[in-house]
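Visitor: Could you take me through this one while I have it open? I'll ask as I go.

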Amino acid sequence: MKPIDIENFDFSHLSLNERVMLAERLWDSIEEHVKQKPLTDEQMDEVENRIKSYKAGEMETSTWDEVKSRWDSL
């Protein structure tokens with residue numbers, strides 16, 4: 001399957017209603033994927049540890065603009 005160029009994908013031919021329906025279908029497909037492949041116990045432990053570190057202020061975070069800037073410079 002050829003990857004979709006999300007940055008340049010033209011949604012203008014879709015109505016607002018169609019875009020909302022597309023977003024809902026995409027979100028539902030993610031939910032279905034997660035249900036089919038749940039996290040392992042080790043993965044869940046890692047998620048919980050990262051959440052605790054974040055809440056305790058022990059984790060360095062980045063804004064979306066900082067992340068995007070780093071990605072764009074690759």
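Visitor: Is Ile4 buried or exposed?
Guide: Ile4 counts as exposed, at 57% relative accessibility; here buried means under 20% relative accessible area, exposed means over 50%, and partly exposed is whatever falls in between, using a 1.4 Å probe and protein chains only. Please keep in mind that this is a predicted model, in which local features need pLDDT of at least 70 and side-chain atom pairs count only at pLDDT 80 or more, while totals for chains, interfaces and linings use all residues. Residues are numbered from 1 along each chain as its sequence is written, and side-chain values use heavy atoms, with hydrogens and water left out.

Visitor: OK, and where does Ile4 lie?
Guide: Ile4 lies in the segment before α1, and Ile6 has its place in that segment before α1 (16–36) as well. Helices are DSSP runs of H or I with at least four residues, strands are runs of E with at least two, and both are numbered from the N terminus. Ile6 is also exposed, with a relative accessible area of 57%.

Visitor: Which residues form the nonpolar patch on the surface?
Guide: The nonpolar patch is formed by Ile4, Ile6, Phe9, Phe11, Leu22 and Leu26, which together have about 560 Å² of accessible area. Such areas come from the Shrake-Rupley method with a 1.4 Å probe, and for residues only the protein chains shown count as cover. A patch takes residues with over 30% relative accessible area and no salt bridge, joining like charges within 9 Å and nonpolar side chains (Val, Leu, Ile, Met, Phe, Trp, Tyr) within 5 Å.

Visitor: Stepping back, how many helices and strands does the chain have?
Guide: The protein chain has 3 helices and 0 strands, giving the pattern α-α-α when read along the sequence.

Visitor: What radius of gyration does the protein chain have?
Guide: The protein chain has a radius of gyration of 18 Å, whereas a compact globule of 74 residues would be near 11 Å; the value is taken over C-alpha atoms, and the globule rule is 2.2 Å times the number of residues to the power 0.38. Along the principal axes, the C-alpha atoms fill a box of roughly 45 × 35 × 25 Å. Of the 74 residues, 1% count as buried, and the chain exposes about 7700 Å², with carbon and sulfur atoms supplying 56% of that area.

Visitor: Switching to charges, how many salt bridges does the search find?
Guide: The search of the whole structure finds 2 salt bridges, a salt bridge being a side-chain nitrogen of Lys or Arg within 4 Å of a carboxyl oxygen of Asp or Glu. In one of them the side chains of Arg50 and Glu46 meet at 2.8 Å, N to O. Asp72 forms a salt bridge with Lys68, where the closest N and O atoms are 3.3 Å apart.

Visitor: How are Arg50 and Glu46 placed in helix α2?
Guide: Arg50 and Glu46 are separated by about one helical turn, because they are 4 residues apart in helix α2, and Glu46 counts as partly exposed at 38% relative accessibility. Asp72 and Lys68 both lie in helix α3 (residues 64–72), also 4 residues apart and about one turn of the helix. Asp72 is exposed at 51% relative accessible area, whereas Lys68 is partly exposed at 31%.

Visitor: And which residues gather in the patch of negative charge?
Guide: Asp41, Glu42, Asp45 and Glu48 gather in that patch on the surface. Glu48 lies in helix α2 (residues 41–55) and is partly exposed, with a relative accessible area of 39%.

Visitor: How far apart are the mean positions of the positive and negative charges?
Guide: The mean positions of the 10 positive and 18 negative charges are 2 Å apart. Lys and Arg count as positive and Asp and Glu as negative, leaving out His and the chain ends, and the place of a charge is NZ of Lys, CZ of Arg, CG of Asp or CD of Glu.
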